[in-house]
Amino acid sequence: MTEQTYPEPIKSFAVATRPEAVFHVDILGEGRPSLVKANNQLGLAFDSWDLDFYTALFQKLGRNPTSVECFDLAQSNSEHSRHWFFRGRLLVDGKEREESLFESIMKTQERSNPNNVIKFCDNSSAIQGREVLSLWPSDPSKASPFEKRTSTRHVIFTAETHNFPTGVAPFSGATTGTGGRIRDVQCTGRGAHVIAGTAGYSFGNLPIPG
């Protein structure tokens, strides 16, 4: 999905894409309607609660947000990043459950195999590993010879789900599945090594004639 054909040698890494001009959303002057307009124009997917919250926030701050700030808020405060619904109140048949959906899933670990070393607290999960012989630099602070050492290495599992390619950045979005999975492994604990990865693709019932 990220292949690119170059019929002739590359002479420059310059791209034809030019960033759009940054503009201010006039919340102080127009109030909530100005944010609604920006929401539709930029495709921010703010719901009614978001619109009320950010309108009140910037009115309290006494300044107007830029289009870049609004776009950043839409990403960093999204369900994908914050899990507002996943961690929110859970009602089943009109009755509120004691735990959120996320807490219900985490609670299964209380009665599961104690083999779990890391669970719901890092970039990846890990199960109990074993002692293995590997090469370590004798002095990591400088160029130094390697030496054999025995250490415990746990096994990491992680999954990256992503609807790609994204509308924001199709090419870089298409690599997020692989890039995110590698990042999550390497950022677990004090660092880890990527050994192998798999990819799976799921498609809905596309209403395409014929």
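Author: Let's start with confidence, since this is a predicted model. Helix 7, residues 170-174, is where the protein's confidence is lowest, with a mean of 63. At the other end of the scale sits helix 1, residues 27-30, which has the highest confidence at 96. Taken over the protein, the average pLDDT is 84, and 87% of the residues score at least 70.

Now to the pocket you asked about. The second largest pocket holds about 880 Å³ of space. Its lining is made up of 23 residues. If you want to find the middle, look for His 154, Ile 156, Gly 191, Ala 192 and His 193, which lie nearest the centre of the pocket.

Where does the lining come from? Strand 4 (125-137), strand 5 (146-157) and helix 8 (176-186) each give at least two residues to it. Strand 5 provides the largest share, with 7 residues. Sorted by class, the lining of this pocket has 12 nonpolar residues, along with 8 polar and 3 charged ones.

And now the pair of helices. Helix 2 (residues 32-42) and helix 3 (residues 48-61) have axes that come within 10 Å and cross at roughly 125°. As for handedness, the crossing of helix 2 and helix 3 is right-handed.

Conventions
Residues numbered from 1 in each chain as written. Predicted model: local features only at pLDDT ≥ 70, side-chain atom pairs only at ≥ 80, totals over all residues. Heavy atoms only, no water. 1 Å grid on protein atoms, 1.4 Å probe; cavity = no way out; pocket = protein on both sides within 12 Å on 5 of 7 lines; lining within 4 Å. Points joined across faces, edges and corners; volume = space filled by probe spheres on them. Helix = DSSP H or I, 4+ residues; strand = E, 2+ residues; numbered from the N terminus. Nonpolar A, V, L, I, M, F, W, Y, C, P; charged D, E, K, R; others polar. pLDDT = per-residue confidence, 0-100. Axes fitted to C-alpha atoms, helices over the stretch in contact; angles between N-to-C directions. Left-handed = near helix turned anticlockwise from the far one by under 90°.
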